[in-house]
Amino acid sequence: MKIICEGLDLSEAVLKVIKACASRTTVPIMECIKIAAKNDTITLTATDGEIAIQKKIKAEVCEEGEICVPGKFFSDFIKKLEGVQITLATEGSKMDIIYADSQTSMQVLSADDFPKVDTEVNENSVVLKTSELKRLISSTSFCCATDDSRPILKGCQIVVTGHDVCVTALDGFRLATANGQVVSSTGDLEIICPSRTLNEIEKMLPADEGETELKIERGILLICVDDTVLTSCLYNGDFIKKDNIIPKTYLTTVTVKKDLLKASIDRAAILVRGDRNSLIIMDVSQGKVEISSNSEIGNVNEPVKADVDGKDLRIAMNSKFISDAIGALDEEDVVLSFNNQVQPFICENKQNKNVLYLILPVRTTNNA
């Protein structure tokens with residue numbers, strides 16, 4: 001194989017696909033980027049078995065072929081050559097990288113052992129406005145679990161019914177659900193997509209106001225943006241039914257300015273940053289919400305003006321969970337709804353109810 005291309009084009013392509021390379025694996029080929037040269041195009045592919053990213057760029061192909069290069073080393077090296085033209089030439093298990101008046105050699109692997117990446121996925125299709133897809137992902141994916149104790153919770157449930165779409169994520173301590181509209185779909189469907197996949201999709205999506213198509217078939221999701229194709233395995237299993245978790249009625253509702261409440265929570269969180277639960281206390285009484293925290297460093301106690309309807313309440317919570325939820329809401333006024341100090345409570349916008357966050361309080365010696 002011998003190809004000539006611009007360093008900037010190659011570097012940008014490598015930085016896109018490197019995210020799918022496996023790390024901490026005993027199979028060296030999974031840490032590689034496959035480079036395939038044909039006609040006037042080179043195709044870079046990386047996969048860790050769950051997610052695969054493929055990127056095509058134009059190049060002068062002097063000799064067709066394919067090879068696998070060590071992903072991390074190749075990425076780091078090519079990133080330093082963005083301003084020059086690069087020639088890649090392979091012979092046996094060695095690849096020469098020729099740039100300016102210099103030449104570097106790198107050991108490579110045969111592409112024969114690289115996993116096959118299926119890009120023929122088109123049985124089911126869902127089309128959304130790009131901005132809507134971004135909103136649904138950013139509103140929910142941060143609430144997915146990060147450990148492997150319950151793998152299905154590492155993904156978001158996406159349910160399409162008619163023109164409605166609902167995305168739900170939870171990690172056992174908090175839940176996020178966001179509702180939106182699809183432009184079109186081949187029919188109703190339900191999938192559980194890894195949050196890592198959704199986060200990569202969000203980064204891929206362009207800034208312009210267009211539409212994005214998700215294709216699903218045989219437990220695989222595919223999305224194509226410009227010359228980049230991402231495929232991902234979907235999770236199998238029964239997702240938790242959110243309607244069984246979200247309370248139907250509340251005894252106390254608090255309407256408060258988002259920025260004031262979040263600023264107070266974030267200040268209180270500083271003192272308990274090293275604690276396991278990052279515990280803060282919220283005292284709800286008529287006309288105000290009092291935010292407090294206490295640690296060996298010191299204590300914070302701040303009142304925030306609020307409209308309170310219902311019973312007074314004292315409740316403990318994880319400061320990161322409540323800060324994340326309030327920060328993800330987009331209206332000036334937010335509403336917090338409670339029943340008591342041990343049952344889950346919710347956060348949502350005052351007007352637009354298309355996003356809801358549910359948080360489980362932390363039990364303390366005072367409310368156990």
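Biologist: By class, how many residues in the lining of the largest pocket are nonpolar, polar and charged?

Modeller: This is a predicted model, and its largest pocket has a volume of about 310 Å³. The lining includes Asp171, Arg174, Arg276, Lys320 and Arg363, along with Phe173, Phe321, Leu360, Pro361 and Val362. Asn277 and Asn318 also line the pocket. By class, the lining has five nonpolar, two polar and five charged residues.

Biologist: Which strands stand at the edges of the sheet of twelve strands, and why is one side of each left without a neighbour?

Modeller: The twelve strands form an open, antiparallel sheet in the order β15-β11-β12-β13-β26-β25-β24-β19-β22-β21-β20-β23. Each edge strand has a single partner strand, so one side of it has no neighbour in the sheet. The twist averages 25° from one strand to the next. The edge strands are β15 (189-194) and β23 (313-318).

Biologist: Which residue in β22 is the bridge partner of Thr252?

Modeller: Strand β19 covers residues 252-257 and strand β22 covers residues 299-310. These two strands pair in the antiparallel sense over five bridges. In β22, the bridge partner of Thr252 is Gly310.

Biologist: At what angle to β15 does helix α4 run?

Modeller: Helix α4 is made up of residues 195-204 and lies across β11 and β15. Its angle to β15 is about 85°.

Biologist: Which strands stand at the edges of the sheet of nine strands?

Modeller: The order in this open sheet is β6-β2-β3-β4-β18-β17-β16-β10-β14, with antiparallel pairing. Each edge strand has a single partner strand, so one of its sides is left without a neighbour in the sheet. The edge strands are β6 (65-70) and β14 (184-185).

Biologist: Which residue in β14 is the bridge partner of Val127?

Modeller: Strand β10 (residues 124-129) and β14 run antiparallel and are joined by two bridges. In β14, the bridge partner of Val127 is Ser184.

Biologist: At what angle to β4 does helix α1 run, and at what angle to β10 does α3 run?

Modeller: Helix α1 (residues 7-17) lies across β2 (32-38), β3 (41-47), β4 (51-58) and β18 (228-233). Helix α3 lies across β10 and β16 (211-217). The angle of α1 to β4 is about 170°, and that of α3 to β10 is about 95°.

Note on methods
Residues numbered from 1 in each chain as written. Predicted model: local features only at pLDDT ≥ 70, side-chain atom pairs only at ≥ 80, totals over all residues. Heavy atoms only, no water. Pairing = 2+ DSSP bridges. Helix = DSSP H or I, 4+ residues; strand = E, 2+ residues; numbered from the N terminus. Axes fitted to C-alpha atoms, helices over the stretch in contact; angles between N-to-C directions. Contact = heavy atoms within 4.5 Å. 1 Å grid on protein atoms, 1.4 Å probe; cavity = no way out; pocket = protein on both sides within 12 Å on 5 of 7 lines; lining within 4 Å. Points joined across faces, edges and corners; volume = space filled by probe spheres on them. Nonpolar A, V, L, I, M, F, W, Y, C, P; charged D, E, K, R; others polar.
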